[in-house]
Amino acid sequence: MARRAPANRIRTVITPEGAALPFLLATRGARAAALLIDLALVGIAMSVTTFTLIWLAGGLGIAFHDLELNTPKSRALQALVVIWIIAMFLFRNAWFLLFELGPRGATPGKRVAGIRIAARGTERLTTEAVIARNIMRDIELFMPAVFIGGAISAGSDTELAGWAGALWFAIFVLFPFFNRDALRCGDVIAGTWVVEAPRRRLGQALSVDAPASASDHAFQFTPTELAVYGEFELQTLERVLREGREAALNDVADAISRKIGRAYPYNAERAFLEAYYLQLRGNLEQGMRLGRRKVDKYAA
Amino acid sequence: MSDASPNLIGRNLKDRLGSWFSPAAKADMAAAEDAALRSDRFRLEREGEWKRLEAIVARIERGRLRSVPDEDLLALPALYRTAVSSLAVARETSLDRETLLWLEVLTQRAWFIVYGPRAGLGDWLRRFFGGGWSASVRALGSDILIALALMVIGTVVGWLLVASDPDWYYALMPAGMGDERVPGASRAELMGTLFGQQNEPGLGVFAAALFSNNAQVSILAFALGFAFGLPSAMLLIQNTALLGALLWLYHGQGLTLELVGWLSVHGTTELFAILLAGASGIHIGRAMAFPGEAAVLDAAAAAGRRTAQVMVGVVLMLIVAGLLEGFARQLIDNTAGRMIIGGFMLVLWTGYFFVWRGRSANKGKP
């Protein structure tokens, strides 16, 4: 999050309370990665279920040609086959649905990728929307496999089916590249989009522990010295102070001291910078309260 | 620019919300007195509430809603609004980037919870069966009639095609399905496909496989509505053309009534479900092709949400149809009994969708 997010991915949503919340659209790469993770997990779950059921069937001591008979054993086997068909249907259709209905709005893959689904605009994410976007997923992803599988089982032209499947797949995979919000077809139908779900820790307030160390050296800057920089530089300085890397502290302290023409004692970079930060911030915030903002050092 | 005002606000806040704060939050309040900057004092005075909100949100996100105490859940909306207003104030008064970004993220996470999917799955299902489903079916309106017309046309076209040239039968019928059911089959052979399968084993497997297959077909009919509804319409016609061809085949041997009985056991439910899926597809297609006053994306989203409920219902109907097809059709071996079941299901569905107005239809009509 240290890097600035590209402006074309930021979407501002006005909450019902009237506050503007910036949302960052997920990159297409993150979504693809999330999808692949999910598909792998679904595949694992499917094969585990399949092997467990086969193992159970083996434990019952029945072979598959018993399926056609009408004995108690084959009834048990039939029940296993029914469970298998239903489980496969659920894995294919309900995996994404159930996870996205949860409070995190994300499948395991999306959680790993740090993204989640959200309703476009100010609307609530509804259960119907989640269902709609996941019904569409079925034709976007699994239809080509059905084409090709159908062609193989019918013994017809598999090459043609392969091309049809590839074309189909390409249309839906490329769909997110042809609209601004990176929507896939399911997002269009459901009125949703996929956004980043960042999590942050709150750092210490800088002015709580700073004054003690700053007052030791009693740096007091004049208004002209503080007028050099604006908000952008202030927040860059804040980042440097929070990261606390020696080299960066030295460089920034040197740059500031050169710019305002004021030396600082040896080994006192941190105290110097903290004092400058606090006084600059106090100065700029006072300006804010009076309706004067100074965006960066180039602003008047 | 006296220092009295923030302190005054701080005191009031403490008095009003005192019971909400943990001891750690009180320590933060004490630290607030020492902070040099006014905006940091603002932050430290409220940090306790923000942290409490974050803890609640984190617990809910981990899916442990049950473990959140009642008073925390009750406080959640108020804490959320406090965070929103803090964010609004901080944006105008503070240049502490860390706090601003963190507050933004916290507000987002709380927003997702406070304005998230309103009902759990159980609640949603209750509303769904208690009128939401039938209301969404009625909301399809004329699209149901369009889909019905397409299905009738498909059946007639199928019949006429095969009647004019029996070779069409092989083109329409997928290979392997119509083993004995081919043009020129004798009456006895055709009779055999309709009756006398009570002792056939593996009915449960048959039912589950039928359901899985039919559900995917209807999901396809719905999802293809995305291409302005045309593929949905074609799928409806193509599937019912099969029906027309079958009808022609059995009609030739004077078995029309028996075939209708055989089909109607599950067919009234299954064809109804396919009708609804196709109608949903057409509904979305029409919303995108003719969005009216709304933007195309908004119209598509509204139609998609409306029809998603119908589709959940369609899948449920197909489960019923699969059970009927797998068990009832094979176990009941006479036309009258089959017609009674089929007719009963038809009346049941029609009544449920169009006659019975559930609770939500009375209250929450937009």
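Of the 300 residues in chain A, 30% are buried, where buried means that 20 or more other C-beta atoms, placed from the backbone, lie within 10 Å of the residue's own. The model is predicted: local features need pLDDT of at least 70, side-chain atom pairs count only at pLDDT 80 or more, and totals for chains, interfaces and linings use all residues. Residues are numbered from 1 along each chain as its sequence is written, while chains are lettered from A and ligands numbered from 1 in the order in which they are written.

Chain A holds 11 helices and four strands, taken as DSSP runs (H or I, at least four residues; E, at least two) numbered from the N terminus.

A nonpolar core is a set of buried Ala, Val, Leu, Ile, Met, Phe, Trp, Tyr and Cys residues joined through C-beta atoms within 7 Å. The largest such core has 111 residues, of which A:Ile189 and B:Ala83 touch the most other members. Helix H12 (residues 256–289) of chain B gives the most to this core, namely 16 residues. Apart from this core lies another, of 21 residues, including A:Leu273 and A:Tyr277.

In chain A, helix H10 (residues 246–260) packs against helix H11 (residues 269–289) at an angle of about 60°, their axes 9 Å apart. Axes are lines fitted to C-alpha atoms over the stretch in contact, and angles run from 0 to 180 degrees between N-to-C directions. Residues A:Leu249 and A:Ile256 are among those of H10(A) that meet H11(A), whose partners include A:Phe272 and A:Leu273; contact requires C-beta atoms within 7 Å.

Terms used:
Buried ≥ 20, exposed ≤ 12 C-beta atoms within 10 Å, placed from the backbone. Contact = placed C-beta atoms within 7 Å.
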